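Please keep the sequence and the structure in view while reading.

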Amino acid sequence: MDFDAVYYEPDSLDYALGRELKQKYQDLPWVPIDSHNRIDEMTSKPNAEFGKMKKHLIVGVRKTHKYVENHKVSDFLVPYTSSGCSASCLYCYLVCNYNKCAYLRLFVNREQMLAKLIKTACGNARPLTFEIGSNSDLILENTVTQNLEWTIAQFKNTQNGFITFPTKFDMVEPLLGLEPGGRVIFRMSVNPEYIIKKTEFGTSPLDKRIAAVNKMCEAGYKTGLLIAPVIFVEGWEKLYGELIAYLADTLSNKVKNQLFIECIFMTYSFVHRAINAEAFPGAIDLYDKEKMTGGGRGKYYYRQPIRDNAEAFLRKELARHLGMADILYFC
Ligand code: SF4
């Protein structure tokens, strides 16, 4: 990744990873900040600067370590080693949460976070699953910190529990030789290539994502797909029908024989509209007044009859092409 400046909390240099990053990016300007949670210089910038702000790297110490219960593919959402991302998906849910603060933030106190994870996993009789990638994309982050390979190498030796994370990136090579021992669940997010190109700026193309899934499965990771977010652009039925047929053609038999799938319809928001209109003026407009309805707090959801119709369509296509896959949920 091509950063242009590092904004850092001075006490992050008390940690080994903080010092490593200082060394690695010594040629960039390092700007001290009071808190990674609020950087006035950035929150005061116009929306048009959003893309440029994604070039900044933020380095700090994570202070909140509260796990949040979850009931989809994991038992808990775990705040982990990063937050935000340097890619620019037009619908990114982190934009809602952090408004302009969706740039990549790295937290250097990784030993503390992994120790809590292992302690919680080992302290529970039932094997728990921990979602460690809900605040960022850990495959992308790993190219900067190697945190994911560091985590897997240690977590795989725990006697209990699983970790899982989703991604839109294909840089999995450093993970392939780690022998995860059945303790790591890798989930790749997919969309039709047309939608990736139009909305998921800076992420990996579909063919590379599929190649990464095949490699990860071969390397001993349990693998799943997120068809997410489903976006009802013009001609969506054709696009998603072709996507599912393409998955059936290109996923290895090994992947298909253990595959699970999550399907998530896009949510959008007033904040996305405001930022995207100014930061990406030539981009496709994802707001669709006819198909969407307000869900409170400036959020927009696709209307229920449209979701129902799409779910029926996607279930039919999945049954036709990937009948062996376990469809976990639509939401
Ligand atoms: S890759 Fe994920 S975290 Fe990064 S911008 Fe896209 S949706 Fe957001």
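Predicted model: local features only at pLDDT ≥ 70, side-chain atom pairs only at ≥ 80, totals over all residues.

Strands of a sheet pair through backbone hydrogen bonds, in either a parallel or an antiparallel manner. In this model, eight strands make up an open sheet with mixed pairing, and their order is E4-E5-E9-E10-E11-E13-E14-E18. Strand E4 (68-69) and strand E18 (326-330) stand at the edges; each has a single partner strand, so one side of each is left without a neighbour in the sheet. Strands E9 and E10 run parallel and are joined by three bridges. Thr129 has Phe162 in E10 as its bridge partner.

**Helix H6**

Strand E10 also takes part in covering a helix: it is among the elements that cover the buried residues of H6. Helix H6 is mostly covered, with six of its eight residues buried. The buried residues are Leu138, Ile139, Leu140, Glu141, Asn142 and Thr145. Just after H6, Gln146 adopts a positive phi of about 60°.

The table lists elements included in the cover of H6, with their residue ranges.

| Element | Residues |
|---|---|
| Helix H1 | residues 16-24 |
| Strand E6 | residues 82-83 |
| Strand E8 | residues 104-107 |
| Helix H7 | residues 147-155 |
| Strand E10 | residues 162-167 |

**Around the ligand**

Which residues surround the ligand? They are Cys85, Ala87, Ser88, Cys89, Cys92, Leu94, Ser136, Asp137, Lys168, Glu200 and Thr203. This shell divides into five nonpolar, three polar and three charged residues.

How values were computed
Residues numbered from 1 in each chain as written. Pairing = 2+ DSSP bridges. Helix = DSSP H or I, 4+ residues; strand = E, 2+ residues; numbered from the N terminus. Near = placed C-beta within 6 Å. Nonpolar A, V, L, I, M, F, W, Y, C, P; charged D, E, K, R; others polar. Buried ≥ 20, exposed ≤ 12 C-beta atoms within 10 Å, placed from the backbone. Contact = placed C-beta atoms within 7 Å.
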